[in-house]
Amino acid sequence: MSLLHLSFYSAFTLSSLGLAFHRTHLISALLCLESMMLSMYMALSTWPIENQAASFTLMPVLMLTFSACEAGVGLAMLVASTRTHGSDHLHNLNLLQC
């Protein structure tokens, strides 16, 4: 395993551990999701270069568009929950109270 692959895997693992253990605020969960998407984007953008496969060059662009849509929806949820509940604490959000 090269140093580049190790850095992508460790960035993804650290961001998923951050998502699993630090779930107090919605903004921290969104930042962990964005760092996971960024590490996946970087890995997908270097993969066609390493394998000399020109057919997979569209995948990082599709991943980037889905990541932008996910960020927009996440920020809209952050604004909506802050307006209705007064803060972005995740323990205030309960699906049974809706």
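This is a short tour of a predicted model, one selection at a time.

Local features are taken at pLDDT of at least 70 and side-chain atom pairs only at pLDDT 80 or more, while totals for chains, interfaces and linings use all residues. Residues are numbered from 1 along each chain as its sequence is written, and side-chain values use heavy atoms, with hydrogens and water left out.

**Whole chain.** Show everything as a cartoon. The chain has three helices and zero strands (DSSP runs numbered from the N terminus: H or I of at least four residues for helices, E of at least two for strands). The radius of gyration is 17 Å, well over the 13 Å that the globule rule gives for 98 residues, so the chain is more spread out than a compact globule (radius over C-alpha atoms; rule 2.2 Å times the number of residues to the power 0.38). Along the principal axes, the C-alpha atoms fill a box of roughly 50 × 25 × 20 Å.

**α1 and α2.** Select residues 3-21 for α1 and 26-51 for α2. These helices pack at an angle of about 160°, with axes 8 Å apart (axes are lines fitted to C-alpha atoms over the stretch in contact; angles run from 0 to 180 degrees between N-to-C directions). That makes α1 roughly antiparallel to α2, a word used for angles over 145 degrees. Show side chains at the contact, meaning heavy atoms within 4.5 Å: Phe8 and Phe12 are among the α1 residues, and Met36 and Met40 among those of α2.

Over residues 56-80 the chain is 88% helix and 0% strand. The end C-alpha atoms of this stretch are 37 Å apart.

Technical notes. Parallel < 35°, antiparallel > 145°, perpendicular 65-115°, else oblique.
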